[in-house]
Amino acid sequence: MNREAGDTGPDTWDLDAIRAGASVCVALAVPFRVLAAVIDGGGGLSALFFVLFLAFFVVGAGCAAWVQRTGTPMSHALVTAIGTYVVVEVVFIVVRLIRDTEIPWGALTFTLTLVSMAGLAGGFLGNRLQVQGVVPKSRRGS
């Protein structure tokens with residue numbers, strides 16, 4: 001599609017694609033975030049949960065990039081990954097505020113950087129699927 005820089009028209013965002021990708025992130029990645037928070041030992045198991053957390057952000061962002069119909073897979077992947085991460089972390093921050101525990105701003109910012117890179121990776125993979133002609137089941141002809 002031909003787009004001008006800064007185009008934010010009504011067809012710029014495929015909200016169904018973003019919802020689908022965010023659902024994947026929440027369903028698959030967030031449980032590992034919770035497990036890592038519960039373990040909170042900084043050991044190997046916590047690191048494994050963190051790697052799985054990031055891997056599922058790649059999957060969720062890739063899903064959004066793959067199913068979007070506006071020709072902007074990378075944008076959809078990044079909005080999905082970053083948006084989902086921010087919403088999830090806001091919930092964790094509220095819990096920390098209620099419990100009166102420290103909020104690790106540096107770690108949150110670092111993780112946001114990693115989640116952004118996971119979003120880029122997912123966007124690349126989702127775009128590759130589209131370029132190769134692999135289409136979601138919902139768009140296949142009967």
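Colleague: Okay, how many salt bridges does the structure hold?
Modeller: There are two salt bridges in the structure. Keep in mind that this is a predicted model.

Colleague: Which residue does Asp-16 form a salt bridge with?
Modeller: Asp-16 pairs with Arg-19, and their closest N and O atoms are 2.7 Å apart. That counts because a salt bridge needs a side-chain nitrogen of Lys or Arg within 4 Å of a carboxyl oxygen of Asp or Glu.

Colleague: And why would side chains pair up like that?
Modeller: Opposite charges on side chains can pair when the charged atoms come close.

Colleague: How far apart are Asp-16 and Arg-19 in the helix?
Modeller: They sit three residues apart in helix α1, which covers residues 15-39, so about one helical turn separates them.

Colleague: Is Asp-16 buried or exposed?
Modeller: Asp-16 is exposed, with a relative accessible area of 54%.

Colleague: Which side chains meet in the other salt bridge?
Modeller: Arg-33 and Glu-89 do, at 2.8 Å from N to O. Arg-33 belongs to helix α1 and Glu-89 to helix α3 (residues 73-99), so this pair ties together parts that are 56 residues apart in sequence.

Colleague: Are Arg-33 and Glu-89 buried or exposed?
Modeller: Both Arg-33 and Glu-89 are buried.

Colleague: What share of the protein's residues is buried?
Modeller: Buried residues make up 36% of the 142 residues.

Colleague: And what about contacts in the protein between residues 24 or more positions apart?
Modeller: Take the contacts with a separation of 6 or more: residues 24 or more positions apart account for 77% of them.

Colleague: I'm looking at α2 and α3 now. At what angle do their axes cross?
Modeller: They cross at roughly 135°, and the axes come within 8 Å. That makes α2, which is residues 44-67, oblique to α3.

Colleague: Is the crossing of α2 and α3 left-handed or right-handed?
Modeller: It's a right-handed crossing of α2 past α3.

Colleague: Which residues in α2 and α3 meet?
Modeller: On the α2 side, they include Phe-53, Phe-57, Gly-60 and Ala-61. Among the α3 residues they meet as a group are Pro-73, His-76, Thr-80 and Tyr-85.

Colleague: What is Phe-49 in contact with, leaving aside its neighbours within four places in sequence?
Modeller: With those neighbours set aside, Phe-49 contacts Phe-32, Leu-35, Ala-36 and Ile-39. Val-34 is 15 residues from Phe-49 in sequence, and their C-alpha atoms are 9.0 Å apart.

Colleague: What about Leu-45? How accessible is that one?
Modeller: Leu-45 is another α2 residue, and it counts as partly exposed at 46% relative accessibility. Its C-alpha atom is 9.4 Å from that of Leu-35, 10 residues away along the chain.

Colleague: Let's finish towards the end of the chain. Where is Asp-100, and what is its phi near?
Modeller: Asp-100 is in the loop between α3 and α4 (105-131). Its phi is near 60°, a positive value in a residue other than glycine. Most residues other than glycine have a negative phi.

Colleague: Is Asp-100 buried or exposed?
Modeller: Exposed: Asp-100 has a relative accessible area of 70%.

Colleague: And which residues is Leu-112 in contact with, leaving aside its neighbours within four places in sequence?
Modeller: Those are Ile-82 and Tyr-85. Leu-112 lies in helix α4 and is partly exposed at 28% relative accessibility. Glu-89 is 23 residues from Leu-112 along the chain, with 9.7 Å between their C-alpha atoms.

Terms used
Residues are numbered from 1 along each chain as its sequence is written. This is a predicted model: local features need pLDDT of at least 70, side-chain atom pairs count only at pLDDT 80 or more; totals for chains, interfaces and linings use all residues. Side-chain values use heavy atoms; hydrogens and water are left out. Helices (H or I, at least four residues) and strands (E, at least two) are DSSP runs, numbered from the N terminus. Buried means under 20% relative accessible area, exposed over 50%, partly exposed in between (1.4 Å probe, protein chains only). Axes are lines fitted to C-alpha atoms, for helices over the stretch in contact, and angles run from 0 to 180 degrees between N-to-C directions. Angles under 35 degrees count as roughly parallel, over 145 as roughly antiparallel, 65 to 115 as roughly perpendicular and the rest as oblique. A crossing is left-handed if the near helix is turned anticlockwise from the far one by less than a right angle, and right-handed if clockwise. Contact means heavy atoms within 4.5 Å.
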